[in-house]
Amino acid sequence: MSEDLLAIADRVVAMSKPGEQIEAVVVRGTETEIRVFEGDVESLSSAQSQGVGIRVVVDGRQGFAYAGSLDESAIAETLADARDNASFATFDEFAGLAEPDGVVIPVLDLHRDAMVSFATADKIAMAIELERVVMAADPRISGIESAEYADSISEAAIASSTGIRTVGSETSCFLATYAMATEGDETQTGFGFSVGREPSDLTPSAAAIEAAERATRMLGAVQPASGRLTVVLDPWVTAQFLGILGYTLDGESVLKGRSLFADRLGESVGSSLLTLIDDPTDVRSFTATDADGEGLAARRNVLIENGVLQKFVHNAYSARRAGTVSTGNAVRGFKSTPSVGCLSVSLVPGSSDPAALIAGIDDGVLVQEVSGLHSGVNPVSGDFSTGAEGLRIRNGELAEPVREFTIASTLQKMLRDVQAVGNDLQFLPMNATGVSLVVADLTVSGS
Amino acid sequence: MIEQSVLEVVLGVAMRTGGEFAEVFAEDRRNASAVLDDGRVEELTSGRDRGAGIRVVVGDTTGFAHTADLTEAGLIAAAEAAAAAARGGGGGTNVIALDRRSASRGYDIETYPGDVPKASKVELLGRANDAARAVGGAISQVSVSYGDNRRHILVANSDGLFVEDDTVRTFFAVSCVATGDAGMQTGRESVGHTIGFELFDMYDVDQLARNAADRALTKLAARPAPSGQMPVVIGSGGGGVLFHEACGHGLEADLVAKGASVFRGRVGQQVASKGVTVVDDGTMEREWGNIAVDDEGNPAQRNVLIEDGVLTDYMWDHLRARKEGRRSSGNGRRQSYQNLPMVRMTNTYLLAGEEDPEAIIASTPKGVYVKHLGGGQVNTATGDFVFGMTEAYLIEDGKITEPLREGNLIGNGPEVLQRIDALGNDFAMGPPGTCGKDGQGVPVGDGVPTLRVSSLTIGGTAA
């Protein structure tokens, strides 16, 4: 079904002049988003969008342009813009497109026809059911901030004058809700979600009950006293932490002197319990993909093994400059040139379930939500400070809810302070997989 | 962009199946950017996005569809899709007569960035890079970015409103890494206004670069921030994001209506210290959050949200205002034609007080002086919010002393507003921001005078 996109990419590539490399990324997305409120549809958006991004490299200079349209005239204008833009770049001996590397693109189950044929009325029913179960879950549930169903069918074709030629289609859908619980003047919130490749993968009731539980268990929360404590990051929080950690292992950051692990390959950088992989070929992951943003095969990369730094991730450019090969980690949309990044990071799970992890802690905090990751965490310096909420842990049991505090350390120290990795892998609507993680000696700032 | 007669036909189609309100929002946007990193001009990017979003409202349900096809046939297909999504039951013929109005922002763009040679934009990058690196050998990496965009919008709706607007924004930022014995630190400076290339008549890029480099170098000697509660002085112009998070989002009528705001039901009440007046003002000329009309075609307004500590009003978009039988406050904004509008801030700021800023610091025995805040985040239902400090110092015995490493501060909006105990006479607007809500980013501005919060929780690691 996406072959027409590849045909457009081929046509752009065919326009390359001698001595000029051209790459075209052509995408089309079909998206539905349904928000419900008080048992009725609040908004229903359905749309198809498309676009083309064209990269030109000539004489060691790269230029790029894009258009949110696949009209022939728009494509011609975009190619002309990309060529013109290239003439202003600084000469770079490493500039160039990806070239086929012999790694076979894996065949992954990422597209489901059942997603394409699922009726809108059934999507609405699923969102209404989500809200209904949230509201019925507990008498203290006072309302929802949001309850939504969303799905997308994403098609992408990449072709280049260097011999890249890929096309693929991926489907995904999710349910997400923010619940509010109220007692007296106090309101607390909690979210829940469910992700899948087709609607039958989704479980509205599980998402709803999780949201209701997360909200109600925060009622009565107080600000904790400051101190240094052992912290259990729940899977949702760990996934956000891994997303930041991924940045520090990006080969471009390393080359440009922005990675705090730049000269640490082969060295121990964390607890021996830590094995970090980037595996976009795991179809359970929401961001699983068969090819990266330059059309090279996606692949499983082990970044940290038993605490020892093994590998940085690369795209074609950063690899060429670093004297290595691409790890298949070009990240992009059609509106930008490929950057370098992890596609789907995950810790290899340990053997303990979350209850066992908590049972082993005398005095600590279970953190179920963090805020301000973009403002209080600096992946270049490693300084780490975020707002947090969750539950105190006393004598191996969950105790009172706590809020309005921060947890702080440095990324370097946190990796060394990891005490345990849980067995509860959780796949989330993001490019990192969650798992419970126990980290000792974080500074809790409260009253 | 689209003929009036075509718009009238398309709106008629959108209303044909029982719609109570229909709207066409069309956008033609051109972006240009250039990045220098690691000593090289890596790339210039240019792009164009053009399309229309159509919504149809029936009861409390909104149907929405968008298309990149601006022909009559393309627009009619989107109108039919939006109408079907809204499940209208009725029927009949709708005649829509549009009344064209003009949008005015009170000043002219002097130099359209599209008319400026690309070489002139690239030259700025090189100058900033050289200036930052000249600050000292500890500056180990520099990245410079330039961006401009021109956004032509058209809004036509079934109430007869028809307005077009053309907005130009220009942006420049420098980020530096400094390397010392204790690792790396970063410093950043950014400027952006709703103007053209005359931005560079207002600012000297060499000075911007030196500011970014100095911030990174200062932090090389920084000590870990304290942990726990103490007074915090926010510097003039550096910390408007505090109000954006502490009360701005909580005053958005869509969140209030759902009960997801701690400020629900509090209009007329004292919610902040006496003397605190908070304004959201889309008309503020040349500021990053300036708009002539919002993305629903309503003129920008200056809206007083809190006056002398008393909550006076929320911010409104078309849908919420219509439901309450009042006028929109000009706060209906969207990221692009592919998104539904919702209640958003523009330029949000706190009016100046009368105190001497030096005296505010001098009267603080022990605390933290935050010269520049980073981003922030709020849970509007609980009021808990965080914001980052990107440049901060200790205050000891009424004097600014050692620099501090980065971290977040956390507080509760309604409590923090009541704890403002000093307001300086030195108001200034801060750097350009992008506000995110439900996945949509829009440009916003903020501003504050020097001010003091008697107690905030500082999320550092030092005792």
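**Exercise 1. Which residues of chain A does UniProt give to the feature "domain: Metalloprotease TldD/E C-terminal", and how much of that span is helix and how much strand?**

Before starting, note that this is a predicted model, in which local features need pLDDT of at least 70 and side-chain atom pairs count only at pLDDT 80 or more, while totals for chains, interfaces and linings use all residues. Residues are numbered from 1 along each chain as its sequence is written, and chains are lettered from A and ligands numbered from 1 in the order in which they are written.

Solution. Step 1: the UniProt record, an unreviewed entry, places this feature at residues 226–446 of chain A; such positions are given in the numbering used here, feature names are shortened, and annotations may be inferred rather than shown by experiment. Step 2: the span is 19% helix and 33% strand, with its end C-alpha atoms 5 Å apart. Helices (H or I, at least four residues) and strands (E, at least two) are DSSP runs, numbered from the N terminus. Step 3: the same record type places "domain: Metalloprotease TldD/E central", also from an unreviewed entry, at residues 120–219 of chain A, where the chain is 30% helix and 50% strand and the end C-alpha atoms lie 36 Å apart.

**Exercise 2. Describe the overall build of chain B.**

Solution. Step 1: chain B has 10 helices and 23 strands, and its C-alpha atoms fill a box of roughly 75 × 55 × 35 Å along the principal axes. Step 3: buried residues make up 60% of the 463 residues, where buried means 20 or more other C-beta atoms within 10 Å of a residue's own, exposed means 12 or fewer, and partly exposed lies in between, with C-beta atoms placed from the backbone.

**Exercise 3. How many residues of chain B are in contact with chain A, and which strand of chain B gives the most?**

Solution. Step 1: 64 residues of chain B are in contact with 61 residues of chain A, two residues being in contact if their C-beta atoms, placed from the backbone, lie within 7 Å. Step 2: strand β2 (residues 40–58) of chain B gives the most to this side, with 12 residues. Step 3: strand β3 (residues 61–67) of chain A pairs with β2(B) in the parallel sense over 4 bridges, pairing being defined by at least two DSSP bridges between two strands. Within β2(B), B:Thr45 is the bridge partner of A:Phe64.

**Exercise 4. Is B:Ser455 buried or partly exposed, and which residues does B:Ser455 touch?**

Solution. Step 1: B:Ser455 has its place in strand β23 (residues 451–459) of chain B. Step 2: B:Ser455 counts as partly exposed because it has 17 C-beta neighbours inside 10 Å. Step 3: leaving out residues up to four places away in sequence, B:Ser455 touches B:Gln229, B:Met230, B:Pro231 and B:Arg419.
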